[in-house]
Amino acid sequence: MKKLILIILLFSTIYCVAQDKLNFNTKFTQSEDKWVAFPADSLGSHIFGFIYIDSQAGLTFDYSGSFKINSNGKFILKKKEMEGSIKHRLQPNNTLVAIIPESHFTELEVSKFPEWLKYYKEDENTIERLYKWGYMYNGWGECAKALEFLEKANKINPDYKGLRVELGFSYNCLGQSQNAINILKAALKIEPKDAYIYKELLYSQIHNNQLNDAITTYDKIVAEIADKTYNAENAYNILAGYFSQKNLEKFNEWIKKTQIDKDKRFGHYVERLKKELDKK
């Protein structure tokens, strides 16, 4: 019995240490409303602070100071030299930070949420805020997180401008092509001349194995939509669909029809696909 208790206590200690350890495996975009630490500098000092979203500035880091970790795993705080707020706008990238465990908040003299954060949360349940946060997270490639905000917004007002196409983008990003098709077709009933909505719909159809429908959509865009911004991208995406099918005949017919091989942006990609397809 004593051995069993000893084993349990030892396991608990190891588990707690593991939980308290800094793991640098989290992107900025996954750190909203979290205290984070950056990897140590050459002197073993970690910069730390709080990441939140400012509706104007976007993802923001509020610098709080630095700390070192002693041999016992305790965080030794060094406060910032200047008084007042020091904020840095963050660009979403591959930099990885560590979420600081709550067990160290007392050592760093912080609470779970800073007092000032409440001022950034006053409108968090409005459709404007939900849409904007969803739009930002989509732009950062965090589509699952974006969808959380956008689906809440959709329950408030599905007709909010831009909401359906943003939902469509999230669904496409997450591989939910049929959901994207449904919502984008609804969006086109309200904005039947919007080239961007058509682009997202065509992409959805290709990735839902509806290549013929995508071609019908493409032909409609070329014939009826004045905005030609996405025509080359649409043509290339359909060509890539034929490439996936390994259909060389249709692949070549599509190049002849659209002249996509002569496009400055996509021409070299077309050549690469053609060489790959000729090998098969």
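Tutor: Gladly! Helices here are DSSP runs of H or I with at least four residues, strands are runs of E with at least two, and both are numbered from the N terminus. Asn138, for one, has its place in helix H3. The model is predicted, so local features need pLDDT of at least 70 and side-chain atom pairs 80 or more, while totals for chains, interfaces and linings use all residues. Residues are numbered from 1 along each chain as its sequence is written, and side-chain values use heavy atoms, leaving out hydrogens and water.

Student: Why is Asn138 called buried?

Tutor: Buried means under 20% relative accessible area, exposed means over 50%, and partly exposed lies in between, with a 1.4 Å probe and protein chains only. Asn138 has a relative accessible area of 4%, so Asn138 counts as buried.

Student: Which residues is Asn138 in contact with, leaving aside its neighbours within four places in sequence?

Tutor: Contact means heavy atoms within 4.5 Å. By that rule Asn138 touches Cys143, Ala146, Leu150, Glu166, Phe169 and Ser170.

Student: What makes helix H5 mostly covered?

Tutor: H5 spans residues 163-173, and nine of its 11 residues are buried. Among them are Glu166 and Ser170, both also in contact with Asn138. The cover over the buried residues of H5 includes helix H3 (127-139), helix H4 (143-156), helix H6 (177-190) and helix H7 (195-207). After H5 comes Gly175, with a positive phi near 80 degrees.

Student: How do you know that H8 is roughly antiparallel to H9?

Tutor: Axes are lines fitted to C-alpha atoms, for helices over the stretch in contact, and angles run from 0 to 180 degrees between N-to-C directions. Angles under 35 degrees count as roughly parallel, over 145 as roughly antiparallel, 65 to 115 as roughly perpendicular and the rest as oblique. Helix H8 (residues 211-224) and helix H9 (residues 231-245) pack at about 160 degrees, with axes 11 Å apart. That angle therefore makes H8 roughly antiparallel to H9.

Student: And what makes H8 roughly parallel to H10?

Tutor: H8 packs against helix H10 (residues 248-258) at an angle of about 5 degrees, their axes being 14 Å apart. This angle is why H8 is called roughly parallel to H10.

Student: Which residues of H8 and H10 meet?

Tutor: Ile215, Tyr218 and Asp219 in H8 meet Trp254, Lys257 and Thr258 in H10. Ile215 and Tyr218 are also among the H8 residues that meet H9.
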